[in-house]
Structures are given as C-alpha cells and as structure tokens.
Amino acid sequence: MIPDLARPALRPSKGVIAPAIEVSGLEKRFGAVVAVAGLDFVVPRDRTVALLGPNGAGKTTTIAMLLGLLEPDRGTIRLLGHEMPKSRYSVLPRVNFSSPYLDLPLRLTVRQNLRVYADLYGLEEPAQRIKQLAAMLDLDDLLDRPVGKLSAGQKTRVHLAKALINDPELLFLDEPTASLDPDSADRLRGHLERWRAARGATIFLASHNMAEVERLADEVLLMKQGRLIDRGSPHELLARYGRRTLEEVFLDVARNRRQW
Amino acid sequence: MSRSRPLLLSLRRIRAIFRRHAYLVFASWPRLLELVYWPAVQMTLWGYLTLFLQQESSLVARASGLFLSAVLLWDTLFRGQLGVAICFLEEMYARHLAHLFVSPLRPFELLIAVFAISLVRVLIGVGGAALLAVPLFGFVLPQALGWALVPFFAVLVMFGWAIGLIIVGLVLRLGLAAESLAWGAIFFLQPISGVYYPIQTLPSFVQPLAWCLPSAAIFEGMRTVLVQGRFDPQLFLWAIAMLALWLVGGALTFLALFRSARRLGLLMQVGE
C-alpha cells in the first residue's frame, strides 16, 4: 500500500507545538530541468528524518530551499512554525546546518572559527560553549590549530561543532559522514546520537550512506526525480519492499524495480 | 545555554564578521605588508616624478603635493573598493558564504562589517604609504590638504564601497570567473576621474560622464585646495550628491544580483 506522503513523518506529541518542518507544494525548476516537483511533507519535532534518493533526486535542492539559500518557484515552507523566508531571522538563530560541500575559513583556527559563530548566534558565554563542544567532540587538542591543517575526520568534527554551537532545535545535515573512513564516521554518528538524545532536537539529513540512515533515522523520505515517492521508518520500508537492508531498497528505487 | 534575544541590528554579529577578517589580516605579516606595498610603490613613483617635474613646471612647483595627494587619494578609493570585494572573495575561496547566509547574520550587518574592515585596510595601506612620504619627500598629506582631507577621504572610501557592492554582486551572480573585476574594474574610472589632471582636459563629450563620478569632484576639489588654497563647497556638495546616488545604486544593484543568485541556486555553489 502506498502511504499518504503528506502525512506527518511521525505523529507529533500532543500539544500545540508546531512541527519542525512543514513543506507544501514545493517546486523548483532550473530552466527546463525540474529539480523539485511538488513536495509535501511534515517533520514533527524531536525526530531524525532522512532524505534519501539517488544523485539528482533533488535532496540538496530541497535542503537549500528549506534553509532559504534557494528561492522556490512555488510552495510554502514553515520551520519551527515560522514561514520561510519571510520570518527567516526568527528561525535561523534556532537552526543550524553542516555540509561537506561547504567549508569554514581554513586559515582561522578552530577556536577562532567557533568564536565567530558563537558571536553570530549571539551566545552570552562563547568560551564556555566552545569548551563544552571541544569536550563533546574530542576537539580539545585541535582548538588552536588552523582548520586547513586538520584531517578530513577532524574537519568534519569541527563542522559539527559549528553546527551545534547554538544548540539548534533543528539541525540540517547534508551527507554528514561523506569522505570519512568507517571509524571516523561511526564516531561522528555516535556524537550525533548522544547530542540528539540529550537535546531532544530534530535532525533532517540527506545521505547516501544507508547504514547511517538505518542507524540514525526514525523516518526516511525517499525522493526520486524531484518527487517524494515513499516514506516510512527503516523497518516499514524494509517490510514494504521485502528487503533486508535499506541499500537494497535504495537500489530498487534507483533502478526502477518498483512502480510508484 | 543562554542566548541573547534576536535584534534588528546586532553589534555582536557585526563584530563577528569584523573579527573573522581581522584574524586573517593581522595574523599574517605578508598580508599586512601587501596592504602597504602597492600604495607605497605608487607613492614613490609619483614622488620622484614630482621631483623631476618641479624643475620643469611652475604649476607643479607651486603645488608640489599635487601628484602625491592624487596618488594617495586614488589609492583610498581603490583600496576602499578592493577591501569590500576581497572580503567577499575570501568567503568564496573558502566556500563559506552559504554558512553565513544560513546564520542569523543580516545582509546589512555583513555590509557594515565589510565596510569597517575595508576602512581598516585603507588606513593601513594608504596610511603606511602616507607615512613613508614624510621621510622620502618631506610630504605630509594632512598638512597639504588640511581639514579637507577628512571629507575627501570619506567620500572616496564610500565611493569605493559603492563600486565594491556592484562588483561583489556581479561576482555572486557570475561566479569567480568574474573575480578579475575586483582588481581591474575601477581603473576604468581612473582616466575620467581627473585624478592627475583637470576634468576640462578630457574631450568635451566625456566631461558630463566624468561629473557623474563623485571622484571627479573630489579630485577637482583637491586641486583647488592645493593650487588656490581654498576649499570649494560647491564641488564638495556635488560630490556628496553623486556619492548618494552611487551608494543607492550600488546597494540596489547588489540586492538585485544577490536575489538573482539566490533564485538560480548560485549561493550554494560559489567556491573555487
């Protein structure tokens, strides 16, 4: 049975708290290419939701529109109950983002970078927050080294520290463990799990790493050619597709082994 | 964790961006040296040319600071523009702009910070060259121009910011392929700004174009101070009027190009 794709990803807890993300009729074209073709979905708070799909499915475009980096052609976006991009300055202090396709200034030290972001997010006690993050992400020995001198794994931890500097209610992650070796990736996922468990935040992540999605995500949104084609918890998807791993589900989607 | 309330204008966010660029400038002596190097080379060249011409020309003999003042004020304009452009280019080289645009930083806070760091760069670069002119040529810029130096300096720096905004908008829209504009575009204005000669020297059909530039009125005003020993308020008011138009035009152009870049998804892609 095809699920109702516009329903909340997971039912929000009782009360009037707005969902973390509400997207309705979202569309984006680049010339003749349809990048996103009418997305509707709701992500309740305190969940980890993964956006999954083959290259060119529209995942990064979707995240860029959610963050206000890209203007949609049609549709509405609400983050934490506020309309984007109209109310972006009410929302952005409570949100953060990390992507391997973006960097931090390489010649600045880790501490300098984090200090800049602590000020951008208006933290009252930046030194204390940097200390907390350094302890949490094993960055103590790296704080006074330029970001450009760090290994890929170390840089990714620094990027995560930047993304957590404001203790966001909603964290966007675009391929958080891309280019990391399995050990570094596993450690990073551990950091994320512990932070989310302690903070109770919402994580919205795009990933190609199926093991990562199975481990982190409460719910998966499957995208293909700009459309949301399926959704469900990893267990629901495995059952629906009759597969043992999400990777097999992904291949079914990517190779058109199933009709939607 | 405590977090201050969202403000319309946050000095802390402005300070954050200022700090980000100040870390770069002050952490590296080659960068500091580079700021002073070209203004000093230009000043030295024109200083010796002045010494030579003083033997040949009564005008230059009467106003020995003409070329030195001109080169230092031109560098004020050039460095003001470059300071704005470099700040954005640094973010693009670092693939960092998108991080800033998803932070609570507002565009005008970013611009205020960038203008402030541009001012610091001008003061270091042009100030360093002006200081060097004292022992080399016995030329003291504040003494030559008097209090008029302050308004001349202010108009030229702000005109540089206005041009910088247009260039940054173009680089955001066209990508780093357009980065050479940051270094060269302003030199298109140099011949018609009358930096080293009066505007009336230009062909008559170019003169109306020249008067659309605040820099033309400032360099004319500079010559009036140095040759006639008086400050021409009319020229200065004209410069202010043109500056206002350029600042509004620069800001609107930047916003239009920024929105276009956002619509086309270019803000995520900028980088080397």
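Which residues in helix 4 of chain B meet which residues in helix 6 of chain B? The views below come from a predicted model, in which local features need pLDDT of at least 70 and side-chain atom pairs count only at pLDDT 80 or more, while totals for chains, interfaces and linings use all residues. Residues are numbered from 1 along each chain as its sequence is written, and chains are lettered from A and ligands numbered from 1 in the order in which they are written.

**View 1. Contact of helix 4 with helix 6 in chain B.** Leu68(B), Leu72(B), Asp75(B), Thr76(B), Arg79(B), Gly80(B), Gly83(B), Val84(B) and Cys87(B) of helix 4 meet Val114(B), Phe115(B), Ile117(B), Ser118(B), Arg121(B), Val122(B), Gly125(B), Val126(B), Ala129(B), Ala130(B), Ala133(B) and Phe137(B) of helix 6, contact being C-beta atoms, placed from the backbone, within 7 Å. The axes of helix 4 (residues 66-93) and helix 6 (residues 107-137), both of chain B, come within 8 Å and cross at roughly 155°, so the two helices are roughly antiparallel to each other (angles over 145 degrees).

**View 2. The cis peptide bond at Pro85(A).** The bond from Met84(A) to Pro85(A) is cis, with omega near 0°, and Pro85(A) is found in the loop between strand 5 (82-84) and helix 2 (88-91) of chain A; helices (H or I, at least four residues) and strands (E, at least two) are DSSP runs, numbered from the N terminus.

**View 3. Positive phi at Asp138(A).** Although Asp138(A) is not a glycine, its phi is positive, at about 55°. Asp138(A) is exposed, with 12 other C-beta atoms within 10 Å (exposed means 12 or fewer, buried 20 or more, and partly exposed in between, with C-beta atoms placed from the backbone).

Definitions and conventions. Axes are lines fitted to C-alpha atoms, for helices over the stretch in contact, and angles run from 0 to 180 degrees between N-to-C directions. Angles under 35 degrees count as roughly parallel, over 145 as roughly antiparallel, 65 to 115 as roughly perpendicular and the rest as oblique. Two residues are in contact if their C-beta atoms, placed from the backbone, lie within 7 Å.
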